[in-house]
Amino acid sequence: QVQFVESGGGLVQPGGSLRLSCAASGSIFSIYAMGWSRQAPGKQRELVAAITSGGSTNYADSVKGRFTISRDNAQNTVYLQMNSLKPEDTAVYYCNAGGYYSDSYYPSVWGQGTQVTVSS
């Protein structure tokens with residue numbers, strides 16, 4: 001079972017940047033697809049970005065061109081670089097692991113979440 005330690009959340013002004021990190025335990029990290037999801041107050045959880053074990057990525061339309069997901073299999077870590085942040089990006093961000101089926105990513109293991117607040 002993979003477990004996660006997330007870090008990097010916080011308060012940032014609109015237009016600013018944050019980098020989230022998710023360190024995973026377990027020696028089989030490299031075979032999992034990984035992702036970041038978020039949940040804002042009163043809204044459903046949504047997938048923000050995902051990356052396959054080979055490094056292919058996909059993004060929600062709302063973050064394309066602003067967010068970048070990456071992974072370092074040697075360090076068992078996945079990152080989410082968030083630029084040009086907007087108030088609507090405010091949410092709890094969750095690291096997750098899962099698999100791809102029919103070109104869609106399905107998370108199955110979740111981290112505890114880290115708060116990102118975008119406000120002036």
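1. The model is predicted, so local features need pLDDT of at least 70 and side-chain atom pairs count only at pLDDT 80 or more, while totals for chains, interfaces and linings use all residues. Residues are numbered from 1 along each chain as its sequence is written, and side-chain values use heavy atoms, leaving out hydrogens and water.

2. An open sheet is formed by four strands in the order 1-3-8-7, with antiparallel pairing. Strand 1 (4-7) and strand 7 (67-72) are at the edges with a single partner strand each, so one side of each has no neighbour in the sheet. From one strand to the next the twist averages 15 degrees. Strands here are DSSP E runs of at least two residues, numbered from the N terminus, and two of them pair if DSSP finds at least two bridges between them.

3. Strand 7 and strand 8 (residues 77-82) run antiparallel and are joined by six bridges; Ile-69 has Leu-80 in strand 8 as its bridge partner.

4. Strand 9 (residues 91-101) and strand 10 (residues 104-110) are likewise antiparallel, with six bridges. Gly-99 is bridged to Tyr-106 of strand 10. Two residues lie between the strands of this hairpin, where Ser-102 takes a positive phi near 50 degrees.

Methods:
Axes are lines fitted to C-alpha atoms, for helices over the stretch in contact, and angles run from 0 to 180 degrees between N-to-C directions.
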